[in-house]
Amino acid sequence: YKLSVSPEMDIMEYCRKEWRGNTPVAKRMRKGYEAVAQKFASIRRIRGDNYCAFRATLFQALSQATQLPRWLQSEDFTMLPENLLSKYDWIKQWQLKQKPGKKMGEISDEIKEYLILLRKKWKNISEIKDPLEKQEACDKLFKNEEEEYSLYEALKFLMLNTAIELYNADKNGRRVPVFSWLLFARDTSSNPCQLMHNHLNHIGHSGGLEQVEMFLLAYALQYTIQVYRLYKYSTDEFITLYPNDPEEDWPVVTLITEDDRHYNIPVRMCQETML
């Protein structure tokens, strides 16, 4: 059994353990971790299994949630699978984790269950006032493998919905964020159907999130994802925001990556940072 989110560890202690040598890469990583340690005291390792970007983002969002996001409150939120299926027949080829080949008629109901679960967990955790209790509730949720993976299926479906909205907006001449052009400029995802087949269906199975998909995740959740990209230390991409022109009222979650493939999370903001 692997922990999804490991217990806290001092950031610099973690860095010394991981990056001992004197290679240029090790030196850069140490500098990067030192910069993160100006703001955060500890790090929690995220289990790496192609879901780590989802896991790190959702864990951070839930552990600081104080209310249910607006998009989770809407009446028709749980009707998404039915509504999309009535318009786009190709969504029948959506692949559920551990259940490839299921008919979409059945999986429409399953995805609806996952969306309901996401709303329920978010609501319950956001209502917990005591920070310690809230942390315990998050730890408990991320120890329940079945629920955890169900939440990632919900996130993937929300990403598909967001991609469809952006694609249609662009086709109808409305303004869309730059990343949306990049997303659909790829040979492998020139439209939402291809995006589903070649990318979303593979997330968690044979691949994680590519950078342009981090933007899509941020838009789907209406969160700004701030990432310390340690291998980019001393460049202007060291701290990258997804999206890079976030809405002011979007909450911010912070992640750490050494290579844009695996993500961990910094925790415990240093006192002076909070003031």
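This is a guided tour of a predicted model, stop by stop.

Before you start: residue numbers run from 1 along each chain as its sequence is written, and side-chain values use heavy atoms, with hydrogens and water left out. Local features need pLDDT of at least 70 and side-chain atom pairs count only at pLDDT 80 or more, while totals for chains, interfaces and linings use all residues.

**Stop 1: the annotated site**

Go to aspartate 49. It sits in the loop between strand 2 (40-44) and helix 3 (52-63). Helices (H or I, at least four residues) and strands (E, at least two) are DSSP runs, numbered from the N terminus. Show contacts, meaning heavy atoms within 4.5 Å. Leaving aside neighbours within four places in sequence, aspartate 49 touches Arg55, Tyr149 and Gly204.

Now histidine 262. Its loop lies between strand 5 and strand 6. Is histidine 262 buried or partly exposed? Histidine 262 is partly exposed, at 26% relative accessibility. The scale: buried is under 20% relative accessible area, exposed is over 50%, and partly exposed is in between (1.4 Å probe, protein chains only). Beyond four places in sequence, histidine 262 contacts Ile46, Arg47, Gly48, Cys52, Ile256 and Thr257.

**Stop 2: strand 5 and its partners**

Select residues 252-257. This is strand 5; 5 of its 6 residues are buried, so the strand is largely enclosed by the rest of the structure. Two strands pair if DSSP finds at least two bridges between them. Strand 5 pairs with strand 3 in the parallel sense, over 6 bridges. Pick threonine 254 in strand 5: glutamine 226 stands opposite.

Tyrosine 263 in strand 6 is the bridge partner of threonine 257.

**Stop 3: serine 4**

Jump to serine 4, in the segment before strand 1 (9-10). Serine 4 counts as buried, at 1% relative accessibility. Its side chain makes a polar contact with the side chain of glutamate 148, at 2.7 Å. A polar contact is a pair of N or O atoms within 3.5 Å; within protein, one must be able to donate a hydrogen and the other to accept it, and residues adjacent in sequence count only if both atoms are side-chain atoms. Not counting residues up to four places away in sequence, serine 4 touches residues including Arg45, Arg55 and Phe142.

**Stop 4: helix 9**

Select residues 178-185. Which residues of helix 9 are buried? They are Phe179, Ser180, Leu183 and Phe184. These cover an arc of only 130° around the axis, which puts them on the same side of helix 9. The arc is that of the directions from the helix axis to the C-beta atoms. The face turned away carries the exposed Val178, Trp181, Leu182 and Ala185. Show helix 8 (145-171), helix 10 (192-198) and helix 11 (211-221) too: they are among what covers the buried residues.

**Last stop: threonine 235**

Select threonine 235, in the loop between strand 3 (224-229) and strand 4 (239-242). Threonine 235 is partly exposed, with a relative accessible area of 38%. A polar atom of its side chain lies 2.7 Å from the backbone oxygen of lysine 232.
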